[in-house]
Amino acid sequence: MRAGSLPRYLLQRLLLVIPMILVLLTLVFFLLRVAPGDPVTATLGDRLPQEAIDARRAQLGLDRPLIVQFFEYLGQVATLNFGEAISDNQPILGVVRDNGGATLTLTLGAFLFALLVGIPLGRLAGRRRDSAGDVVIRIFGVVSYAAPVFFVGLLMQMWLARPLGLPTSGIASPRVMFTVSAEPITHILLVDAILQGNWAATGDILVHHVLPCLALGLLLCGIFIRLVRVNLLQTLQADYVEAARARGIPEKQVVKKHAFRNALVPVVTVIGLQVALTLSGAVLTEKTFNWPGLGFKLLQYIEVRDYIAVQGIVTFIALLVVVMSLVVDVVNALIDPRVRYQ
Amino acid sequence: MRRLLAPVRATTGTARWLLVAGMLIVALFVVFALFADWIAPFGFNQTTGADGIKFEKLSPPGGAHLFGVNDLFFDVYSRVVWGARTALLVVLLSVLISVVLGVALGLLSGYVGGWLDRTLVLVMDAVYALPSLLLAIVFAFLLRGTLGSGVAAAALSLTVIYLPQYFRVVRNTTVSAREATYVEAARAFGASNTTIMGRYLFSNVIQSVPVIGTLNAADAISTLAALGFLGLGIQPNEASEWGFDLSRAMDDAASGIWWTGLFPGLAIVLLVTGLTLVGEGLNETVNPTLRKRRFAKVEMSEPAGRTDPLGVPAGVGATPAGVAVEPVADWGPESGEEAAR
């Protein structure tokens, strides 16, 4: 395969992923197992007598050498088995399926808001550098990134929810939650409500999305503003933009056709890089709005000190981040041939 | 002091304005942190006044309590002031530890190379790939058993997040600097590996660290608050922490009590904004692709006898007749007008 060809790049990138995943899994496993005390005692220690704990440990195979457990863990992850929570005996894959959907719709909604607001604002700021508008937009960008999601959420709950009549807790009203999740199709509540043709429920779920998506979206919005602004500033100084100006093309066209489009290329990369940040923000948003997502579940397991469940969820998130970065790199290589040659 | 203000002098217009604003905000919080004992009217975990009477729970701002009292009988204003000390202390500690470890490991990895380099790069990349808050949560969760939930545990949980960044930057700079002529020359003179790393590479590699440090400090403040909000940070009896106070305030919000959450939240926003502005300002002065320089004024028809900066009399030699170009490096406020493009 020729250097710079797409298949060759894909193969290289795929080969790089394998050691990365192995290192991540090793890190996650040993971090959570080196911790003092074993998982069963940590979770159930104050509730069960010693014999029961020993029996439970033997049952889970936790009395075997660590290295044996490690290889078993690797084998399990290879078949997408993330173990079973000690505290409530739930398989983690089921937890991911039941709660991942809520996190997915939350983060997608936030991204949508951030892109729709952030890119035009960033373009405006970059286009008129150092104007009053630029300064206001930049400060908005910095502050919206600086404001913690939970503080923004708190302000919204105090001053925005009541006047607008928006809910501040959960992904749906209890009734809707009950009826829609009774017959799960995709396990993504919003999609299920639509597929079931239950429009009242869909509306209810959408209304519940507004504030959480807005809170998380504001955080991401600041990033896009900064990114588009800086990229536009840099492309506006490029030689080909200068050449376009020299040819007498109106400035408006230069910005639109020559500079702005090229300034958008790194946005794709950054969307990929922001997956990790978005997940961090999602954990906080979910806690703030009692959102039944994966982060909310993770925090619940942390509270009961369920090491196996924490390990399972963290493993899943680690895999997700690696896969997403792979996807973004591939998309990037498709858009921008220069990437393939690096 | 001159060095401290150098970035301010190097910027112009809006960039300078934003940088100065950021510096002032940070300075305010540094003052809070250093002189909390004098500025705060009460201790961070004080619940009774000097007269021995317990503060009125959730009393609104006013009177002896500028920002009111929260649900744990703490004076909100005092908690905000003391919180500055906690935040800056934790962030300083975590950034310092990650700089020291990151620079040392990066230098070693980049200079020695081989399997050590490959392993370290892989591990650091893996750590960097994980969501930072998740990493901090896991570490806070793990450290709670051994180190408790004080300043040290919080600082260490944050260190893990930032270590890979310093490692990466320093390692990459070291790899490229290792082959530079001046290092080769040093080696030819018989300098030992430690001398080369300590004297030649270190001073060249260290330059990009302050910018990352400031931006990381901003991020660390939010992450610390996030940990506190999730109940995995510093507990209220150990020190005052804004994130924890905000988590308590969530329950107050529904009942119309705004002062318990608003003030600690604003403190976080202000400090993070200030640090970000300083970090970005530094970045713009260090990163020439973003810099907008103050160009020197080009004067036509120079009076005879005046010399251009190269010491060549005007009208003689390479410079076009009568045109004197002032040195671009001299961008003091008095030197010439600002050229927009």
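A residue is buried if 20 or more other C-beta atoms lie within 10 Å of its own, exposed if 12 or fewer, and partly exposed in between, with C-beta atoms placed from the backbone.

The model is predicted: local features need pLDDT of at least 70 and side-chain atom pairs count only at pLDDT 80 or more, while totals for chains, interfaces and linings use all residues. Residues are numbered from 1 along each chain as its sequence is written, and chains are lettered from A and ligands numbered from 1 in the order in which they are written.

Chain A contains 15 helices and zero strands; helices (H or I, at least four residues) and strands (E, at least two) are DSSP runs, numbered from the N terminus. Its C-alpha trace spans about 85 × 60 × 40 Å along the principal axes. Of the 342 residues in chain A, 40% are buried. Among contacts between residues at least 6 apart in sequence, 74% join residues at least 24 apart, two residues being in contact if their C-beta atoms, placed from the backbone, lie within 7 Å.

The C-alpha centres of domain 1 and domain 2 of chain A are 27 Å apart. Their contact takes 13 residues from domain 1 and eight residues from domain 2. On the domain 1 side, 10 residues are nonpolar, two polar and one charged. In this classification Ala, Val, Leu, Ile, Met, Phe, Trp, Tyr, Cys and Pro count as nonpolar, Asp, Glu, Lys and Arg as charged, and the others, Gly among them, as polar.

Helix 13 and helix 15 of chain A have axes that come within 9 Å and cross at roughly 175 degrees. Helix 13 of chain A is therefore roughly antiparallel to helix 15 of chain A, a term for angles over 145 degrees. The axes are lines fitted to C-alpha atoms over the stretch in contact, and angles run from 0 to 180 degrees between N-to-C directions. Residues making this contact include A:Val268, A:Gly272 and A:Val275 of helix 13 and A:Val321, A:Ser325 and A:Val328 of helix 15. By class the contact has 12 nonpolar, four polar and no charged residues.

Helix 13 also holds A:Lys252, which is exposed, with 9 other C-beta atoms within 10 Å. The C-alpha atoms of A:Lys252 and A:Arg127 are separated by 9.5 Å, although these residues are 125 apart along the chain. Helix 12 (residues 239-246) of chain A lies largely in the open, because zero of its eight residues are buried. Just after helix 12, A:Gly248 takes a positive phi of about 85 degrees.

Between the chains, the contact takes 39 residues from chain A and 38 residues from chain B. Elements giving two or more residues to the chain A side include helix 1 (6-34), helix 11 (199-236) and helix 13 (251-288). That side divides into 32 nonpolar, five polar and two charged residues.

How values were computed
Parallel < 35°, antiparallel > 145°, perpendicular 65-115°, else oblique. Domains from an automatic or database assignment.
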